[in-house]
Amino acid sequence: MNTKIEIYTYSTKTSKIIQKTIHKYIQDTWLLPYQDNINHICDELIKNAIKSNYKLILILFALKDLYKKSLRDLESAGELIEWLKEVLFSGEQKLIAHNLKKIDQKKITKKLKELMYFEKFYIEQKDNKNLSRDHLEKIKIILKIKQLLKQFHIYTMVEFYRNPEFIHILIQNGSPILEEDFLRIIEKRKNFSHYVQQNKKNEFFIENIDTSGGGHGLGYPLIDALLLDMGLKPEDHLYLVSAKRTMVLLNLPLQVQKKTSMNLKLPNQYRSETNHITAI
């Protein structure tokens, strides 16, 4: 059986669903004592996915403001947003880079941090907590972005699948990862691996504090450190796939005592029974 969980808002309730599902898949394996590690890894990957979705919308807003004066033949702002979305989803890196150079990336990063701060007010409001008028105004911004994400069918999917050798956890994001973010992640992981080889793992986190990536700073090295703590080689058990949908595949071996041979292809043959959960 495999389990699919759709995530639209990453609330405490949704986080608990993820943790319970992880427990179900690892409860009879050597991985059980490492549930906190796996919880933390999945939590980090899901948060990165949600940040990427928000970042995409902020980029669309910035490009819309840039182009709306020169593209007057478009009938509406909605048409312009749709056109710009197609550009970002095109996979044409030169075209994407050409457009991204026109906007202020630092402003995007600053707004992204603000949005993730506003997100907690949205979740509190859904939990029937009393919020100030100022907080309610901030929620309207989140609602606008969520409406666009829903319009474009962009959400985060977490899929669990277990076969005789591995537990696969696949985090799929509805938006493409930008090439600059993809390369930043790869470089961070390589740099962290270099520190590990020199037995300087802890020094890495002291010397490489960097939040400029808007959610892609130390997250992946932290994940790699958690995998190392489990006795797993990060390069053999965590894959980031850059495509029209961003995918991260976490492979957890069921037999830790023997060497594992990895197949780079994503698992595409599932058992007939699927448990599909939607976390709103």
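At 71% relative accessibility, Asn199 is classed as exposed. In this predicted model, Asn199 lies in the loop that joins α7 (179-197) to α8 (201-207). Although Asn199 is not a glycine, its phi is positive, at about 60°. Most residues other than glycine have a negative phi. A second residue of this kind is His153, which is other than glycine and has a positive phi near 55°. His153 is placed in the loop between α6 (133-151) and β2 (156-162). With a relative accessible area of 60%, His153 is exposed, since the cut-off for that class is over 50%.

Helix α9 covers residues 219-229. Of its 11 residues, eight are buried, so the helix is largely enclosed by the rest of the structure. The buried residues of α9 are Gly219, Tyr220, Pro221, Ile223, Asp224, Ala225, Leu226 and Leu227. The elements that cover these buried residues include the helices α2, α7, α8 and α10 (234-237). The strands β4 (238-241) and β5 (246-253) are also among the covering elements. After α9 comes Gly231, which has a positive phi near 80°.

The axes of α2 and α9 come within 10 Å and cross at roughly 160°. Because angles over 145 degrees count as roughly antiparallel, α2 is roughly antiparallel to α9. The crossing of α2 past α9 is left-handed. On the side of α2, the contact is made by Asn37, His40, Ile41, Glu44, Leu45 and Asn48. On the side of α9, Gly219, Tyr220, Leu222, Ile223, Leu226, Leu227 and Asp229 take part. Among these α9 residues, Gly219, Tyr220, Ile223, Leu226 and Leu227 are buried.

One of the contacting residues of α2 is Glu44. The helix that holds Glu44, α2, comprises residues 35-67. Apart from its neighbours within four places in sequence, Glu44 is in contact with Gly219, Leu222 and Ile223. Glu44 is buried yet forms no salt bridge. The nearest side chain of opposite charge is that of Lys51, 5.5 Å away. A salt bridge requires a side-chain nitrogen of Lys or Arg within 4 Å of a carboxyl oxygen of Asp or Glu.

Notes:
Residues numbered from 1 in each chain as written. Predicted model: local features only at pLDDT ≥ 70, side-chain atom pairs only at ≥ 80, totals over all residues. Heavy atoms only, no water. Helix = DSSP H or I, 4+ residues; strand = E, 2+ residues; numbered from the N terminus. Buried < 20%, exposed > 50% of the residue type's maximum accessible area, 1.4 Å probe, protein only. Lys, Arg positive; Asp, Glu negative; His and termini not counted. Contact = heavy atoms within 4.5 Å. Axes fitted to C-alpha atoms, helices over the stretch in contact; angles between N-to-C directions. Parallel < 35°, antiparallel > 145°, perpendicular 65-115°, else oblique. Left-handed = near helix turned anticlockwise from the far one by under 90°.
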